[in-house]
2 protein chains.
Amino acid sequence: MTALFRLDPRLAADTAVVTDWPLCRVLVMNDSRYPWLILVPRRANMIEIFDLEQGDRAELIDEIAKASARLKTWAHADKINVGALGNVVPQLHIHIVARKRDDPAGAAPIWGVGDPIKYADQDLTRVVSELTAAFK
Amino acid sequence: MTALFRLDPRLAADTAVVTDWPLCRVLVMNDSRYPWLILVPRRANMIEIFDLEQGDRAELIDEIAKASARLKTWAHADKINVGALGNVVPQLHIHIVARKRDDPAGAAPIWGVGDPIKYADQDLTRVVSELTAAFK
């Protein structure tokens, strides 16, 4: 029997679902400081990028490219940061973060800097709705 | 005329060359705190992953997977961190960092934490030699 994909409960708690693409579940971080997506390949027991089969890897980087381009446009960003860290949550997940020159982290990465500021409920609903339209 | 690839001088100053793979130049950061590689696609004027053509993207993620697996083995690491940031040096480059549970950054990312500690000359020569053998 093939093991079933199940989203890590910590990722689920910190995010809202935007959409499912062929490989990845697309999530938005509930952190109003940055437009910040998480892509999670819907495959069981993946930790490192090299755990994915070659076809899935090619699909992953195409979905990273698509998410990066669309997020950059949607957020009017200057630069996209991409990261696969997994120091806290081992399930393979890719951060896609829209950065602006004047954002709170400056030239530094955003991970581990300061604390998340959750969206107000109606703002999260609006962001998810806009991203779902832009990303489907 | 096709624009020629030229390694950003800041990346060149902070690294030593390990080898060239079909797409990327493989560099090692001159920072003895972490086993830390940089992959630079040898294409001119690339900033974001979505600037690469689809075939180059597929090659890039295969080279990321190969570098991650080999670095994890070589460094006896617990986890690999992968990042494409570009907040300081815009030329597209991918960090591949071997992490251990007891390393100085703990669960945090390594970027922007503390200052680099350069290898002694003979140590850098040894590291480059070992990596070149493991990565060619």
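What follows covers the interface, the strands and the salt bridges in turn. The model is a predicted one.

Start with the interface. On chain B, 30 residues are in contact with 30 residues of chain A. The size of an interface is often given as the accessible area lost when the parts come together. Here chain B and chain A bury about 2700 Å² between them. Carbon and sulfur atoms account for 62% of that area. Polar links are present too: 18 residue pairs are in polar contact between chain B and chain A. On chain B, helix H2 (54-75) and strand S4 (79-84) each supply at least two residues of the side that touches chain A. H2(B) gives the largest share of that side, 11 residues. By class, the side of chain B that touches chain A has 18 nonpolar, 6 polar and 6 charged residues.

Strand S4 (residues 79-84) of chain A is joined to S4(B) by 3 bridges, and the two run antiparallel. Look for Val82(A), which stands opposite Ala84(B) in S4(B).

Now follow the pairing within chain B. S4(B) pairs with S5(B) in the antiparallel sense, over 5 bridges. In this pairing Ile80(B) stands opposite Ala98(B). Strand S3 (residues 36-41) of chain B also pairs with S5(B), again antiparallel, over 4 bridges. There Leu37(B) stands opposite Ile96(B).

How many of the residues of strand S5 (residues 94-99) of chain B are buried? The count is 6 of 6. In a regular strand the side chains alternate between the two faces of the sheet. In S5(B), Ile94(B), Ile96(B) and Ala98(B) point one way. His95(B), Val97(B) and Arg99(B) point the other way. Both sets are buried.

Next, the charged pairs. Side chains of opposite charge can pair when their charged atoms come close. Over all chains the count comes to 20 salt bridges. Across the interface of chain B and chain A there are 4. One salt bridge joins the side chains of Glu48(B) and Lys79(A), at 3.1 Å from N to O. This pair crosses between chains, from the loop between S3 and H2 of chain B to strand S4 of chain A. Are the two partners buried or exposed? Glu48(B) is buried, because its relative accessible area of 6% is under the 20% cut-off. Lys79(A) has 11% relative accessibility, so Lys79(A) also counts as buried.

Another salt bridge lies within chain B. The side chains of Asp56(B) and Arg43(B) meet at 2.7 Å, N to O. This pair links distant parts of the chain: Asp56(B) sits in helix H2 and Arg43(B) in the loop between S3 and H2, 13 residues apart. Asp56(B) counts as buried because its relative accessibility is 15%. Arg43(B), with a relative accessible area of 33%, is partly exposed.

Chain A has its own salt bridges. Asp20(A), Arg25(A) and Arg42(A) are joined into one network by salt bridges that share partners. The side chains of Asp31(A) and Arg33(A) meet in a salt bridge at 2.7 Å, N to O. Asp31(A) and Arg33(A) are both buried.

Finish at helix H3 (residues 121-135) of chain B, where Ala133(B) is found. Ala133(B) counts as exposed because its relative accessibility is 51%. Ala133(B) and Met29(B) are 104 residues apart in sequence. In space they are 17 Å apart, C-alpha to C-alpha.

Conventions. Residues are numbered from 1 along each chain as its sequence is written. Chains are lettered from A and ligands numbered from 1 in the order in which they are written. This is a predicted model: local features need pLDDT of at least 70, side-chain atom pairs count only at pLDDT 80 or more; totals for chains, interfaces and linings use all residues. Side-chain values use heavy atoms; hydrogens and water are left out. Contact means heavy atoms within 4.5 Å. Buried area is the accessible area (1.4 Å probe) that two parts lose on being put together, summed over both. A polar contact is a pair of N or O atoms within 3.5 Å; within protein, one must be able to donate a hydrogen and the other to accept it, and residues adjacent in sequence count only if both atoms are side-chain atoms. Ala, Val, Leu, Ile, Met, Phe, Trp, Tyr, Cys and Pro count as nonpolar, Asp, Glu, Lys and Arg as charged, and the others, Gly among them, as polar. Two strands pair if DSSP finds at least two bridges between them. Buried means under 20% relative accessible area, exposed over 50%, partly exposed in between (1.4 Å probe, protein chains only).
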